[in-house]
Amino acid sequence: MSRPGWPEVRFLPTEAGLTPAIWRSPAPERPRHPFAALFVPPFAEEMNRTRRLMALAGQMLAIEGIPSLLPDLPGTGDSPLPFREATWEGWVEALTACAGHLAEQGLGVRLVGIRLGGLLAADALAQGCQAQSLALVDPVEDGRLHMRHWLRIRSAASMEIGPRITLSYLQTQLDNGQTIEVAGYEMGPQLVNRINALKLAPLLAEAQVPVHRLDVTAPGAETQAPVADGRRIIAADAPWNSFEPAEPAALARAVADMVQEAA
């Protein structure tokens with residue numbers, strides 16, 4: 001028998017094919033809660049940098065009797081689909097299918113969206129994904145600003161290796177239907193333009209479930225107590241910003257606690 005929180009690979013059927021996912025079973029000696037956490041990862045390299053955070057949070061939840069599911073959405077992680085063929089609609093569909101898989105097991109779904117995953121989870125809810133609650137971890141507020149961040153990374157890299165590539169040139173390529181390469185990821189225009197059109201606030205305004213939010217500020221910064229809208233701030237290293245993230249134990253604990261309080 002595997003240890004509580006030990007990762008088990010599952011393959012869930014979606015319209016894009018089988019979606020690989022990590023399932024973490026709850027500790028058998030603890031009362032099993034009637035819900036599961038469904039993690040929605042960040043975008044591109046931020047996803048890789050937060051793997052440890054999501055694993056630790058999943059392990060902590062398992063110890064408390066709460067299972068969790070972490071999918072590799074189409075085009076990401078171990079998904080067989082190339083990233084350049086990933087679409088926002090495909091991610092929403094896959095996420096909805098994962099929620100349905102949990103519901104078939106008699107489990108309520110608590111979405112846990114990290115960075116762009118928060119925007120994706122909120123949009124999935126708006127499109128009919130069934131969940132009890134939404135927990136946001138330092139969510140992306142504006143899809144266009146987030147994508148400009150990635151385009152700046154590509155432009156900055158070109159200044160070192162030449163020839164220089166400007167933001168306007170990259171946007172022109174996208175407008176012409178061309179794929180661009182950013183930090184090792186081939187990003188298609190359909191995906192980028194769809195993200196550009198999204199903002200978090202309107203989606204949350206229409207949310208029919210409790211929403212909790214955890215924002216991350218620099219270590220040593222002053223944090224605030226919980227406020228009425230369910231928002232908290234934690235001073236911690238943000239793993240998605242670091243090439244070599246420190247062990248995110250405190251942040252993982254905060255995420256796990258938020259999931260348990262989310263409904």
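Q: Does aspartate 142 count as buried or exposed?
A: In this predicted model, local features need pLDDT of at least 70 and side-chain atom pairs count only at pLDDT 80 or more, while totals for chains, interfaces and linings use all residues. Residues are numbered from 1 along each chain as its sequence is written, and side-chain values use heavy atoms, with hydrogens and water left out. A residue is called buried under 20% relative accessible area, exposed over 50% and partly exposed in between, using a 1.4 Å probe and protein chains only. Since the relative accessible area of aspartate 142 is 18%, this residue is buried.

Q: Which backbone nitrogen lies 2.9 Å from a polar atom of the side chain of aspartate 142?
A: Aspartate 142 sits in the loop between β6 (133-137) and α5 (143-161), where helices (H or I, at least four residues) and strands (E, at least two) are DSSP runs numbered from the N terminus. Leaving aside neighbours within four places in sequence, aspartate 142 is in contact (heavy atoms within 4.5 Å) with Leu198 and Lys199. The backbone nitrogen at 2.9 Å from its side chain belongs to arginine 144.

Q: What is the relative accessibility of valine 112?
A: Valine 112 has its place in strand β5 (residues 108-114). Apart from neighbours within four places in sequence, valine 112 is in contact with Ala37, Leu38, Phe39, Val40, Ala135, Val137, Val255 and Val259. Valine 112 counts as buried, because its relative accessibility is 1%.

Q: At about what angle do α3 and α7 pack?
A: Trp88, Glu89 and Trp91 in α3 meet Gln190, Leu191, Arg194 and Ile195 in α7. The two axes, which are lines fitted to C-alpha atoms over the stretch in contact, with angles running from 0 to 180 degrees between N-to-C directions, lie 8 Å apart at an angle of about 75°. Angles under 35 degrees count as roughly parallel, over 145 as roughly antiparallel, 65 to 115 as roughly perpendicular and the rest as oblique. Therefore α3 is roughly perpendicular to α7, the angle being about 75°.

Terms used:
A polar contact is a pair of N or O atoms within 3.5 Å; within protein, one must be able to donate a hydrogen and the other to accept it, and residues adjacent in sequence count only if both atoms are side-chain atoms.
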